Amino acid sequence: MTAQREWFEKDYYAVLGVQPGATAKELSRAYKKLAKEHHPDFNPGNKLAEDRFKEVNEAYDVLGDAEKRAEYDEVRRMVASGVGPGGFGPPGAGGFGGQTFQFDDAFGAQGGAFSDLLGGFLGGRGRNRRSATAAQRGQDLETELHLSFEDAVRGVTSTVRFRADATCSTCHGSGAAPGTSPETCPQCHGSGSIAVDQGPFSFSQVCPTCGGRGQVIPTPCATCHGRGVEMRAREVKVRVPVGVTDGQRIRVKGRGAAGANGGPPGDLFVVVHVSPHPLFGRSGNDLTIRLPVTFAEATLGADVKVPTLDGQVTVRIPPGTPSGKVLRVRGHGVPGDANGRNGKQGDLLVTVDVQVPDELDERQRSAVEELAGAFDTDPRAALFAKQDNDRSSDG
Ligand SMILES: [Zn+2]
Ligand SMILES: [Zn+2]
């Protein structure tokens, strides 16, 4: 029985426990919950759960795809009006009379929504249980890369190492034992699909003999048992772009696990961990630093040297600069990049930090006391004046 023929008999909405008018979000939520609940990895050896898992996936493979769902709804409307796959009403009655429909196979070789979703919340463990011979896209992999603050700012090319499915070194991915080669599939003659006629419908189905590859392997490679991939230590060069931030994921297309049976490789995601810097912080593309200055420098103004990531610059502290004031030194932040993906060149943001001495010698003490005498206005006078104002306006 082909998948589409089942459309006449199965109520996928009931399978997912939603109303026929459910939104895509409601469907997705119901599917995720059920798929997780019945996933074979969580129910080892439980045949009931396995069947239910298949059923739920079947349902969502159709309802989760807007186009397939529209076709399915059309079929269900025909069912509701008493039309079945073997007995159509007069031409025009349901809009289907006398026509031949070619449906895409609902379980095509490419995985689709089902494996994408599972990959999202099960770390890819549920993927590709469909057929032992179908081409399978390799899993997406995730690995980590630790970078110094400087490398993250400037960009770097680094190497990550991990173990994963790689193209089989014995057969170079063909799956055929050395000295032999894959042959054209005798059932589909290389097309990968076969046509199944069901009354007025003609269904296209993935060839069960070759799983859609169009080829069969008479003598499988002993290393990989015909899958074309084997677990191996891998090294992948990663170009870390300028200005990456801690926690950012870099996608390296096609460098994930090798696909089995001639399928395409998955992608590699590299999660970047950036070490903190003893002097500098980051705020987007700006670098930040706290700059200690004396009371005299802040009051009278001064030109002071400030470290940058690649040396030092002289920064002018204007007279009367309060503690906490942020001075912007153009450039000297995270570089922008040519294609603009990383945004504009950043600046160095210098936060003035007026130092208060916690120990004074005799000379300093008398100088500060003299200073205190010279500043005899009360700096808090304005606070109390404001408080009095508020009180009188309240009352
Ligand atoms: Zn091999
Ligand atoms: Zn075939």
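Biologist: Is Leu 327 buried or exposed?

Modeller: Buried means under 20% relative accessible area, exposed over 50%, partly exposed in between (1.4 Å probe, protein chains only). Leu 327 has a relative accessible area of 11%, so Leu 327 is buried. Leu 327 lies in strand β15 (residues 326-332). Strands (E, at least two residues) and helices (H or I, at least four) are DSSP runs, numbered from the N terminus. Between the C-alpha atoms of Leu 327 and Asp 347 there are 10.0 Å, and the two residues are 20 apart along the chain.

Biologist: What should I know about the model itself?

Modeller: The model is predicted: local features need pLDDT of at least 70, side-chain atom pairs count only at pLDDT 80 or more, and totals for chains, interfaces and linings use all residues. Residues are numbered from 1 along each chain as its sequence is written, chains are lettered from A and ligands numbered from 1 in the order in which they are written, and side-chain values use heavy atoms, with hydrogens and water left out.

Biologist: Which residues are the protein donors of the zinc ion (ligand 1)?

Modeller: Donors are N, O and S atoms within 2.8 Å of the metal (3.2 Å for Na, K and Ca); water is not among the atoms, so sites may look incomplete. Here the SG atoms of Cys 168, Cys 171, Cys 221 and Cys 224 lie 2.3 Å from the zinc ion (ligand 1). Their spacing in sequence is C-x2-C-x49-C-x2-C. Cys 168 and Cys 171 are buried. Cys 221 is buried too, at a relative accessible area of 1%.

Biologist: Why is the arrangement around the zinc ion (ligand 1) called tetrahedral?

Modeller: Four donors count as tetrahedral if all angles lie between 85 and 135 degrees. The ideal is 109.5 degrees. The donor atoms of ligand 1 subtend angles of 103 to 118°, so the arrangement is tetrahedral.

Biologist: What are the donors of the zinc ion (ligand 2)?

Modeller: Cys 185, Cys 188, Cys 207 and Cys 210 each give an SG atom, lying 2.2 to 2.3 Å from the ion. They follow the spacing C-x2-C-x18-C-x2-C. The angles run from 103 to 116°, which makes this site tetrahedral. Cys 185 is buried at 1% relative accessible area. Cys 188 is buried at 6%.

Biologist: How many disulfides does the structure hold?

Modeller: A disulfide is a pair of cysteine sulfur atoms within 2.5 Å. The structure holds zero.

Technical notes
Four donors count as tetrahedral if all angles lie between 85 and 135 degrees; four count as square planar and six as octahedral if opposite donors are over 155 degrees apart and all others between 65 and 115; anything else is irregular.
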